Amino acid sequence: MQDDRVIVCEKLTKRFGDFVATNEITFDVHRGEIFGFLGANGAGKTTAMRMLCGLSSPSSGKATIAGFDVYTQTEQIKKHIGYMSQKFSLYENLTVRENIEFFGGIYGLSDERIRSKTAELLQRLGLKSEANKLVASLPLGWKQKLSFSVAVLHEPKIVFLDEPTGGVDPVTRRQFWDMIYEAANSGITVFVTTHYMDEAEYCNRISIMVDGRMEVLDTPANLKSSFHARSMDEVFYQLARGAKRGD
Amino acid sequence: MKQFLAFVRKEFYHVLRDRRTLLILFGMPIAQILIFGFALTNEVKDSEILVVDYAKDNASQELLTKIGSSRYFNIRQAALSHNEILSTFRKGKIKAVVVFPAHFNEDLLHQNKAQVQIITDASDVNTANMVTNYLSSIIVDYQNQINANLEIPYRITPEVRMLYNPQLKGAHGFVPGVMALVLLLVSVMMTAISIVREKETGTMEILLVSPFKPVLVIFAKAFPYLALSLVNVTAILLLSVFVLDLPVKGSVALLFAESTLFIITCLALGIFISIKTSSQQVAMLISLMGMLLPTIMFSGFLFPIENMPLPLQVISNIVPSKWFYIIVKSIMIKGLGLAALWRETLILLGMTLFLLLVSLKSFKIRLQ
């Protein structure tokens with residue numbers, strides 16, 4: 001079988017002095033997979049994610065993202081990933097079109113490609129008539145969808161979503177997940193953190209971090225059966241109850 | 001490069017869409033210059049001057065008529081002693097006293113030179129200066145007029161005495177002062193706020209994850225403020241030359257070069273503040289307290305540094321605006337060139353490099 005792993009992590013560790021934020025996590029993520037990255041606040045998710053995005057250098061362990069090394073090839077990594085954070089990440093006082101053009105610009109897309117991408121994106125999101133309105137005037141759900149579309153504008157291999165649906169109503173969340181599936185079907189790997197356990201069920205596989213270690217990693221169905229739990233909620237509680245670190 | 005341009009364009013959108021930013025950027029300098037400036041120009045029209053004519057001869061009468069016919073002065077004549085002159089000044093109505101010595105005409109005819117004394121109230125420095133300048137130019141005019149057909153020219157020397165403030169501290173200082181203030185506000189505060197804002201809204205994270213280099217993020221954010229500050233310098237100079245009649249005596253190119261240097265100093269400071277803070281309010285407070293106050297206190301713009309206690313004089317040396325103020329004042333008012341100002345320029349350059357290095361370094365640390 002051909003190696004289709006886009007994230008390969010081996011004993012990846014990050015220490016801040018004596019504090020081990022991320023403790024020897026080992027896992028792989030395959031192409032087109034939706035990978036849920038769960039854990040209570042302070043469990044080390046953010047630190048792990050920052051290492052995977054090339055923002056911070058690991059203390060030890062190995063990892064490659066889209067085939068590039070997290071120690072030496074961060075520039076290459078940044079070109080091949082997309083990122084969307086919990087905080088809404090577009091510019092409020094720029095129009096929809098200007099935001100798209102700006103992010104296309106800093107990812108180095110050609111003018112022509114930005115133009116065609118913009119047209120395609122506006123069409124797909126049904127935002128054509130809003131193209132020249134300030135993003136501030138859009139409802140939150142649309143902003144979130146636009147934000148996601150902008151994160152995958154440069155056709156990254158992997159998109160990292162850091163609690164992308166915080167503060168969004170269930171209907172919009174559902175629509176948002178439709179977009180995630182669509183992206184995954186087109187071959188983009190989705191790496192997503194969330195606190196919503198119903199969302200965790202949408203993932204192909206999920207991992208749960210506790211106190212810096214990756215405690216479990218499996219499909220939602222397998223996790224539920226091995227923990228004799230009816231829902232992901234219960235699985236999460238069973239694991240997180242043992243945590244020593246809090247906020 | 002294309003990425004950089006995309007970024008700079010975005011920054012301009014930010015600035016041009018924020019009405020408050022625009023107001024600070026362009027409203028403030030214009031308002032300050034006009035407020036300072038018109039306190040100065042209005043008073044010179046119809047200034048009361050007192051003439052003490054001990055000569056009462058042809059020449060003194062001719063010159064007096066010439067002074068009186070200009071629209072700047074209303075002449076009152078009186079024969080007063082020196083002490084009486086002083087007491088009239090204290091009443092505050094008289095802007096200047098012109099004294100013709102006895103034998104004014106004779107001196108002129110026999111020795112080819114004569115003196116006129118101009119005494120002004122220099123507690124109002126700007127007015128005193130304007131009045132003296134106008135009077136002197138009228139006298140020169142008169143001198144040229146009587147010299148028209150002569151082989152050996154007559155010389156009338158105005159002997160100027162500034163009462164109460166002989167060294168004219170603070171004279172004409174407001175344009176360089178306002179320039180330092182405005183550039184500081186725009187470059188330090190605006191830059192700091194605009195970078196911190198990206199941190200607050202979370203967009204900084206997005207930028208750092210993008211392949212756009214972090215150092216370029218900082219430069220791209222600072223660049224529009226450099227451009228806008230230069231627009232401000234231009235506006236202030238145009239206002240001061242065309243509205244306030246304060247010419248730039250030295251090289252305009254040098255003035256712009258020095259301003260650019262000072263702007264970069266300020267930008268480096270703004271960047272440094274933005275790296276060390278994480279909320280817009282804190283960034284603004286630090287910029288105001290940490291930069292604006294020292295500029296007002298220590299640049300010599302409002303309070304003469306020479307009169308301060310020694311420790312404060314020493315402190316004033318680390319305030320970049322002090323050096324910029326000296327440089328601009330020397331170029332604008334004294335017409336000095338780089339040859340005379342290399343020391344101040346070097347100090348400012350040193351400060352700039354130091355600040356740039358420190359900010360870039362702490363920026364790198366922050367990324368880890």
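Which residues are exposed on the other side of helix 1 of chain B? They are K2(B) and L5(B), and the points below set them in context, with the reminder that this is a predicted model.

1. Helix 1 of chain B. This helix covers residues 2-17, and its 16 residues reach 23 Å from the first C-alpha to the last, close to the 22 Å expected at 1.5 Å a residue. Its buried residues are Q3(B), A6(B), F7(B) and K10(B), and because these fall within an arc of 95° when seen down the helix axis, they line one face of the helix. The cover over those buried residues includes helix 3 of chain A, together with helix 9 (214-243) of chain B, whereas K2(B) and L5(B), on the other side, are exposed.

2. The contact between the chains. Chain A gives 19 residues to the contact and chain B gives 20 residues. On the side of chain A that touches chain B, the elements that give two or more residues are helix 2 (74-80) and helix 3 (96-106) of chain A, and the largest share, four residues, comes from helix 3 of chain A. By residue class, this side of chain A divides into eight nonpolar, six polar and five charged residues.

3. Chain A as a whole. Chain A holds nine helices and 10 strands. Its radius of gyration is 18 Å, close to the 18 Å that the globule rule gives for 247 residues, so chain A is as compact as a globular protein of that length. Taken along the principal axes, the C-alpha atoms of chain A fill a box of roughly 50 × 40 × 40 Å. Buried residues account for 43% of the 247 residues in chain A, and among contacts in this chain between residues at least 6 apart in sequence, 69% join residues at least 24 apart.

4. Helix 4 of chain A. Residues 111-125 form this helix, whose 15 residues reach 21 Å from first C-alpha to last, close to the 21 Å expected at 1.5 Å a residue. I114(A), K117(A) and L121(A) are buried here, and, seen down the axis, the buried residues of helix 4 of chain A fall within an arc of 70°, so they line one face of the helix. These buried residues pack against helix 3 and helix 5 (140-151) of chain A. The face turned away from the buried side carries the exposed residues E112(A), S116(A), E120(A) and Q123(A). Just after the helix, G126(A) takes a positive phi of about 65°.

5. Helix 3 of chain B. A59(B), S60(B) and L63(B) are the buried residues of helix 3 of chain B; seen down the axis they fall within an arc of 95°, so they line one face of the helix. On the other side of helix 3 of chain B, the exposed residues are N58(B), T65(B) and S69(B).

6. In soluble globular proteins, nonpolar side chains tend to be buried together. Here the largest nonpolar core has 130 residues, of which V159(A) and V190(A) touch the most other members; helix 7 (residues 174-201) of chain B gives the most to this core, with 18 residues. Leaving aside neighbours within four places in sequence, V190(A) is in contact with I34(A), F35(A), V159(A), L161(A), I180(A), A183(A) and A184(A).

7. F236(A). This residue is placed in helix 9 (residues 232-240) of chain A, and with 23 C-beta neighbours inside 10 Å, F236(A) counts as buried, the cut-off being 20 or more. Once neighbours within four places in sequence are left aside, F236(A) is in contact with L38(A), M197(A) and I208(A). F236(A) and I208(A) are 28 residues apart along the chain, and their C-alpha atoms are separated by 7.6 Å.

Definitions and conventions. Residues numbered from 1 in each chain as written. Chains lettered and ligands numbered in written order. Predicted model: local features only at pLDDT ≥ 70, side-chain atom pairs only at ≥ 80, totals over all residues. Buried ≥ 20, exposed ≤ 12 C-beta atoms within 10 Å, placed from the backbone. Arc of directions from axis to C-beta. Contact = placed C-beta atoms within 7 Å. Nonpolar A, V, L, I, M, F, W, Y, C, P; charged D, E, K, R; others polar. Core = buried A, V, L, I, M, F, W, Y, C linked by C-beta atoms within 7 Å. Expected span 1.5 Å × (residues − 1). Rg over C-alpha atoms; globule rule 2.2 N^0.38 Å.
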